[in-house]
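Take a walk through this protein with the structure in view.

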Amino acid sequence: MSGPVPTVTALQDIYTQQALADQTVRWNKLLDKFQALYGNPAQFVSRSPGRVNIIGEHIDYSLYSVLPMGMTPDVILAVSTDLEPSQDGTYKIKLANVDNERFPTREFDVSYSEVEIDATIHEWTNYFKSGLRGALQLLRKKYGDDFKPKSMEVLMDGTVPAGGGLSSSAAFVSASALAVMVANGERDVDKKALTEVAIVSERAVGVNSGGMDQSASVFSERGSALLVSFTPSLSARPVYFPKTNPELCFMVAQSFVTSNKQETGPIHYNLRVVECSMAAAYLNAKLCPGTELPKDAGPLGVSIRGFHQNYFKDTQKSTPEQLAELIELTKSTLTQEQGYTVKEVASGIGISVDDVKARFMSSFPVRGEYFKLRQRALHVFTEALRVLQFLSLLEDPAQAPDSEHTIEYNGKLGKLMNETQDSCRDLYECSCPEIDELCKIARGAGSYGSRLTGAGWGGCSVHLVPANKVDDIKQALLDQYYSKRQLGEKDLEGAIVVSRPMNGSAVYKLNDGKI
């Protein structure tokens, strides 16, 4: 599925017919505001969508495959390079947001030598800067270290809710990196190269990102989910749902509990990355004695998948058989339910406490007295197995549904999603009472499967629902959940989205600042 990011000249090349009218109004507003703000027309728009993850939660950074899809909510950046730097040795970046009350306008004179990002400050422009930094690394690899980037005027509009679990940060970073590449004359931006840059770039703002979010934002195709794999290297391919009766669709429901990955990383997201990396090293030391845990593309340079491959390097067993065995081995090897202290982790791996801190706790700030290696590894292995089982239901002809009545088949898909929610709640501890409540209400009203999607600790839930029950489930959520919260009209409007798989990143070339 690699190849260049598409360049389009019509909105129907990006959005479905149902979304076209609203998107036309939105894009025209963006471009009119750009003209008013900067006094000249935008030259192009860079666009990357949010994503909803169907199954495969919190396993991308352990390098197991995941199944997300792109969505209609997206980040769009209108861009012009029609300005000059104000200081020698620098280029200028002007960044504005359509919502300038929440996201104030900024202007930077950036040194040719380095893009400085202070990850300790939660500042919206850091996401653009991280995309800028990543894109410049690609450009300098291609054109040499003396490459001098162009100055840019940028106006952003985003409809992916921040902290909502639909990956607003990955959409922003991917759109930013793409905008920088195009602004500096790149006509064919390779999807795989853009994704890899966006993955590494988002880590500059203090998030141990795994890669699913950026892959879905860049690679997604209308009408299909996306199987994203990380070994032996990053790849993505479309996955289609068979025809069912009743027809299936995905409903995304917001909890309105905001969890910002950058701000809560030390006790939530980044801590889980550290726990998984520690679990990989511990299991490898105990079950593959005398061997090194292989270095790989995990955020800390190692992963549970790396241990998995090391343990089964000469096996003839199928991957599902391997995962089933690893689940049992984890239960018998990582026996401490309460977790492990740093000292106990060091003892288990056979290294010093200082080495544990240097290897696992120095890249990003984390806070924790006990590290729950058993629960995190069990979640990763069971969830990786659920992804394969879900994929098998979709693609194995022997499991294809009888097109007359597929309620049993639909229920099998839903059961796997429900098991993911149980695991996220009990083993990975990344759910929250509000998400649990949304899932319970939706299932009671007819959802086949309901679970959190995204990093968790708030954000969004995703529900596999029969098309003929959409209104019933919506009404149940409104009556039993949203009516109890003080929500404005705009929040209520966007609280529930019935989602269709959408296209990924694109560049829209403008004609004199117009669509």
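Helices α12 and α13 cross in a left-handed way. Left-handed means that the near helix is turned anticlockwise from the far one by less than a right angle; clockwise would be right-handed. Find α12 at residues 373–395 and α13 at residues 407–426. Their axes come within 10 Å and cross at roughly 165°. That makes α12 roughly antiparallel to α13, a term for angles over 145 degrees. The axes are lines fitted to C-alpha atoms over the stretch in contact, and angles run from 0 to 180 degrees between N-to-C directions.

Which residues of α12 and α13 make the contact? From α12 they include H379, R386 and F390, and from α13 they include Y409, L413 and M417. Contact here means heavy atoms within 4.5 Å. By class, the contact of α12 with α13 has eight nonpolar, five polar and four charged residues. Ala, Val, Leu, Ile, Met, Phe, Trp, Tyr, Cys and Pro count as nonpolar, Asp, Glu, Lys and Arg as charged, and the others, Gly among them, as polar.

A word on the model and its labels. This is a predicted model, in which local features need pLDDT of at least 70 and side-chain atom pairs count only at pLDDT 80 or more, while totals for chains, interfaces and linings use all residues. Residues are numbered from 1 along each chain as its sequence is written, and side-chain values use heavy atoms, leaving out hydrogens and water. Helices (H or I, at least four residues) and strands (E, at least two) are DSSP runs, numbered from the N terminus.

Now go to α3, residues 168–183. Helix α3 has 16 residues and reaches 22 Å from its first C-alpha to its last, close to the 22 Å expected. The expected span is 1.5 Å times one less than the number of residues. Is α3 enclosed or open? 16 of its 16 residues are buried, so α3 is largely enclosed by the rest of the structure. Buried means under 20% relative accessible area (1.4 Å probe, protein chains only). Just after α3, G185 takes a positive phi of about 95°.

Positive phi also turns up at H58, near 60°, in a residue other than glycine. H58 sits in the loop between β2 and β3 and is buried, at 3%.

Last, look for cis peptide bonds. One joins T231 and P232, with omega about 0°. P232 lies in the loop between β7 and β8. Another joins N245 and P246, with omega about 5°. P246 is in the loop between β8 and β9.

Terms used
Buried < 20%, exposed > 50% of the residue type's maximum accessible area, 1.4 Å probe, protein only. Parallel < 35°, antiparallel > 145°, perpendicular 65-115°, else oblique.
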